[in-house]
Amino acid sequence: MSNVKVLPLLEPNIVACCPPLNERPLSPDEAEAAAKMFKALGDPVRLRLFSAVASHEGGEACVCDISDVGVSQPTVSHHLKKLKEAGLLSSERRGTWVYYKVEPSVLAAMGALLAGAAKASA
């Protein structure tokens, strides 16, 4: 007899910062929120770190696995902090290591923001 129970999948809770760009002009607060995300990703090192975390197996990565981006460890920590402050990553300390993961709704929210504009130009 098996104790395995299949659990239903939940739809991700997408919290968009802003409406799609082609839906209506952004309000000042919406523009501020979107700019904060894109500014954080505007640095090549931060974009590489964000990509490393997002593409890592299981959707999370230990800082020890993603720190080889051509800058010193303190600089990696600075960039990861900026990504966290922008709401793009969350972290959890496990022993001596810190594990980072992309906030589940972030990629969907950024995609929704840009998807409408991409469809309109196609």
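Biologist: Quick one to start: is Cys62 buried or exposed?

Modeller: Cys62 is buried, at a relative accessible area of 1%. Buried means under 20% relative accessible area, exposed means over 50%, and partly exposed lies in between, using a 1.4 Å probe and protein chains only. Keep in mind that this is a predicted model, where local features need pLDDT of at least 70, side-chain atom pairs count only at pLDDT 80 or more, and totals for chains, interfaces and linings use all residues. Residues are numbered from 1 along each chain as its sequence is written, and side-chain values use heavy atoms, with hydrogens and water left out.

Biologist: And what about Cys64, buried or partly exposed?

Modeller: Cys64 is partly exposed, with 36% relative accessibility.

Biologist: How many disulfides are there?

Modeller: The count is zero disulfides, where a disulfide is a pair of cysteine sulfur atoms within 2.5 Å.

Biologist: OK, zooming out. Which pattern does the protein chain follow?

Modeller: Along the sequence it goes α-α-β-α-α-β-β-α. That makes five helices and three strands. Both are DSSP runs numbered from the N terminus: helices are H or I with at least four residues, strands are E with at least two.

Biologist: How much of the protein chain counts as buried?

Modeller: Of its 122 residues, 28% do.

Biologist: Now Lys36. Where is it placed?

Modeller: Lys36 belongs to helix H1, which covers residues 28-41. Lys36 is partly exposed, with a relative accessible area of 47%.

Biologist: Which residues is Lys36 in contact with, leaving aside neighbours within four places in sequence?

Modeller: Glu85 and Ala86. Contact means heavy atoms within 4.5 Å. Glu85 is 49 residues from Lys36 in sequence, yet their C-alpha atoms are 9.0 Å apart in space.

Biologist: What does the side chain of Lys36 reach?

Modeller: The backbone oxygen of Glu85, at 3.1 Å.

Biologist: Changing topic: which residues make the nonpolar surface patch?

Modeller: Leu21, Phe38 and Leu114 make a patch of about 240 Å². Patch residues have over 30% relative accessible area and no salt bridge, with nonpolar side chains (Val, Leu, Ile, Met, Phe, Trp, Tyr) joined within 5 Å and like charges within 9 Å. A salt bridge is a side-chain nitrogen of Lys or Arg within 4 Å of a carboxyl oxygen of Asp or Glu. The areas come from the Shrake-Rupley method with a 1.4 Å probe, and for residues only the protein chains shown count as cover.

Biologist: Where does Leu114 sit?

Modeller: Leu114 is in helix H5, residues 104-121. Leu114 is partly exposed, at 42% relative accessible area.

Methods: Polar contact = N/O pair within 3.5 Å; in protein donor to acceptor, adjacent residues only side chain to side chain.
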